[in-house]
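Have the sequence and the 3D view open side by side as you read.

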Amino acid sequence: NPPTEILSIGRTVQVQIIGINQETHRISIGMKQLEKDPWEGIGGKYPIGKRVEGKVTNITDYGAFVELEPGIEGLIHVSEMSWTKKNVHPGKILSTTQEVDVVVLEVDPQKRRISLGLKQTLDNPWEAFANNHPVGSVVEGEVKNKTEFGLFIGLDGDVDGMVHLSDLDWNRPGEQVMEEYNRGDMVQAQVLDVDVEKERISLGIKQLGQDSVGAAAASGDLRKNAVVTAEVVAVKDGGLEVKLVDHDMETFIKRSDLSRDRDEQRPERFAVGQKVDARVTTFDKKTRRITVSIKALEIAEEKEAVAQFGSTDSGASLGDILGAALKKQGDKEEK
């Protein structure tokens, strides 16, 4: 406490001599030496974890000092003031002379320091969220921010959860899907993980929908050499942008894969909305990237026809062989 709060001019007080300097003819005296040292046995009086009441005496940029009793003050560091307000000045949370409940975090009798916590008197919002919203549950919140990593969603308890780019959509790139969201949008997401210690909540939006590609991959429908139907989305100079009809995936068929016949490798002979059959040439389950080829399908069908209906070496022309194959296919369709 400042001397003006204890002493006044003309007041008579008792003191103890604590030093005499013969050279300067000065005597050092003290008042606190007449009283018991309040820090004596402080560890037993304020054990770690104890909840106590005090009064805020001073606020700084790094925290607030709280008087627990005359002569004993502790510091609430700014990091121990709020679970969620990380970059707020202590003066916006507490005010001088305010009575507060705090929890003892650490006691150092030698340095005469006591570390206190204010947020520890409140429920940990991360623990509360984990208890109320287990992994797999669906939550709703407002898009608070968009970053290069994903979306930050405001949730119950004044906490945020993040939807990583990879958890926005099963098939489309996260960067592309991000453009569909704006700050302030209300969205639903599934809880993927809650790390109370690191104060992190992982959310997923794509998990609310069906993973048709994953199911198709597991069943073998998208295995290499499988035949798929694709719809032309755009016609480019270098080929076709197509979307697989049954699997909600997009890919690009290069000009050289549009036909086994070089003269037919012209993108302009196709139209947007037209459906074509193609053969899967590569499929990466991890990256969900697929390439398909009309040319590969034509070559495979030709080989199959030759194997079933003869070979050009036996004297039959390729037209005869393919004609027989087409006739057989037509007979099956009529039946």
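Is Ile20 buried or exposed? At 57% relative accessibility, Ile20 counts as exposed, because the cut-off for that label is over 50%. Keep in mind that this is a predicted model.

**The nonpolar patch**
- Ile20 sits in strand E1, and Ile20 is also one of the residues making up a nonpolar surface patch of about 760 Å².
- Two strands, E1 (16-21) and E2 (26-30), each put at least two residues into the nonpolar patch.

**Strands E3, E6 and E7**
- Strand E6 (residues 99-108) runs antiparallel to strand E3 (residues 51-60), and 5 bridges join them.
- If you want a spot to check by eye, look at Lys55, which stands opposite Glu99 in E6.
- E6 also pairs with strand E7 (residues 113-117), again antiparallel and again through 5 bridges.
- Here the pair to look for is Asp108, with Arg113 of E7 standing opposite.
- E6 and E7 make a hairpin with 4 residues between them.
- Within that turn, Arg112 has a positive phi of about 55 degrees.

**The aromatic pair**
- The count of aromatic pairs comes to 1.
- That pair is Tyr62 with Phe65: the ring centres are 6.3 Å apart and the planes sit at 85 degrees, so the pair is edge-to-face.
- Tyr62 is partly exposed, with a relative accessible area of 43%.
- Phe65 counts as partly exposed too, at 22% relative accessibility; buried would need a value under 20%.

**The barrel**
- Five strands form a closed barrel in the order E8-E9-E10-E12-E11, and the pairing is mixed.
- From one strand to the next, the twist averages 55 degrees.
- Inside that order, strand E9 (residues 150-155) and strand E10 (residues 159-164) pair in the antiparallel sense over 6 bridges.
- To find that pairing on screen, go to Phe152, whose bridge partner in E10 is Met162.

Key
Residues numbered from 1 in each chain as written. Predicted model: local features only at pLDDT ≥ 70, side-chain atom pairs only at ≥ 80, totals over all residues. Heavy atoms only, no water. Pairing = 2+ DSSP bridges. Patch = residues over 30% accessible without salt bridge, like charges linked within 9 Å, V, L, I, M, F, W, Y side chains within 5 Å. Areas by Shrake-Rupley, 256 points an atom, 1.4 Å probe, with all protein chains shown as cover. Salt bridge = Lys/Arg side-chain N within 4 Å of Asp/Glu carboxyl O. Buried < 20%, exposed > 50% of the residue type's maximum accessible area, 1.4 Å probe, protein only. Phe/Tyr/Trp six-rings, centres within 6.5 Å; stacked < 30°, edge-to-face > 60°. Axes fitted to C-alpha atoms, helices over the stretch in contact; angles between N-to-C directions.
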